[in-house]
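Q: Could you walk me through a pair of helices and a couple of loop residues in this model?

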Amino acid sequence: MADLKYNRVLLKLSGEALMGDQDFGIDPSVPTRLANEIRPVYDAGVQIAVVIGGGNIFRGVQGAAGGMDRAQGDSMGMLATVINALALQDTFEQAGMDSRVMSAISMRQIAEPYIRRRAIRHMEKGRIVILAAGTGNPFFTTDTGAALRACEVNAQILMKATNVDGVYDSDPKTNPGAVKYDTVTYDEVLTKNLKVMDAAAIALCRDNSMPLMIFDINGDGNFLHAVEGQNVGTVVFDKEN
């Protein structure tokens, strides 16, 4: 623990990442690879919470675009995150990492209800807490849910794992000349519309001085390096800090 900068972190994973090379669902190799990335951090005694999206199964925004009621679609999307959370729990526990799924929507037969103090206690006891169903409310993304939970459980940093090695001034996939930021402020993210997270999530982090790191989860050891304090991506922070 002496060599680690952060002792309690919240890791945000996208549902789309679980698809791997598939067009839908969960590629079993992806949760296994994620477990291998998380294992060294878990073994080091870091307290870990995970928020998982559901875009590999269903996205409420897409449903609304097809004519579905947005609130109904978002409810379906929240249920999709629970499926992903259970898949992660199974993989983590097969890898020997104790974990608990906590859901913002009550479904006691398969997940504990989210209770802030209980989540913190699980983390203090060395269990990975997988937080499902977003905020439990429609019209809020899982990015906003991750920002909210990071603040609630007193995480020292919110780490968003992506397939890109940080934040760029434009899409590096379409613009070879895109410039990567090592650091950027919350306000710059909002004013430049850098697409790090949705505006509500960024504002929540800014207003509560929650540092945010965007990094590539596909790089070997990147999660551990991030917890050690290395800037393996882009750090978003308050300009006054």
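This is a predicted model: local features need pLDDT of at least 70, side-chain atom pairs count only at pLDDT 80 or more; totals for chains, interfaces and linings use all residues.

Q: At what angle do H5 and H7 pack?
A: Helix H5 (residues 142-152) packs against helix H7 (residues 199-207) at about 15°, with the axes 7 Å apart. That makes H5 roughly parallel to H7 (an angle under 35 degrees).

Q: And which residues of H5 and H7 meet?
A: From H5, Asp143, Thr144, Ala147, Leu148 and Cys151 meet Ala200, Ala201, Leu204 and Cys205 of H7, where contact means heavy atoms within 4.5 Å. The residues of this contact divide into 7 nonpolar, 1 polar and 1 charged.

Q: Switching to loops, where does alanine 133 lie, and is it buried or exposed?
A: Alanine 133 lies in the loop between strand E5 (128-132) and H5, and at 0% relative accessibility it counts as buried (under 20% relative accessible area, with exposed over 50% and partly exposed in between, using a 1.4 Å probe and protein chains only). Its phi is near 70°, a positive value in a residue other than glycine.

Q: What about the phi of serine 209?
A: Serine 209 is not a glycine, yet it has a positive phi of about 50°. Serine 209 lies in the loop between H7 and strand E10 (212-216) and is partly exposed, with a relative accessible area of 41%.

How values were computed:
Residues are numbered from 1 along each chain as its sequence is written. Side-chain values use heavy atoms; hydrogens and water are left out. Axes are lines fitted to C-alpha atoms, for helices over the stretch in contact, and angles run from 0 to 180 degrees between N-to-C directions. Helices (H or I, at least four residues) and strands (E, at least two) are DSSP runs, numbered from the N terminus. Angles under 35 degrees count as roughly parallel, over 145 as roughly antiparallel, 65 to 115 as roughly perpendicular and the rest as oblique. Ala, Val, Leu, Ile, Met, Phe, Trp, Tyr, Cys and Pro count as nonpolar, Asp, Glu, Lys and Arg as charged, and the others, Gly among them, as polar.
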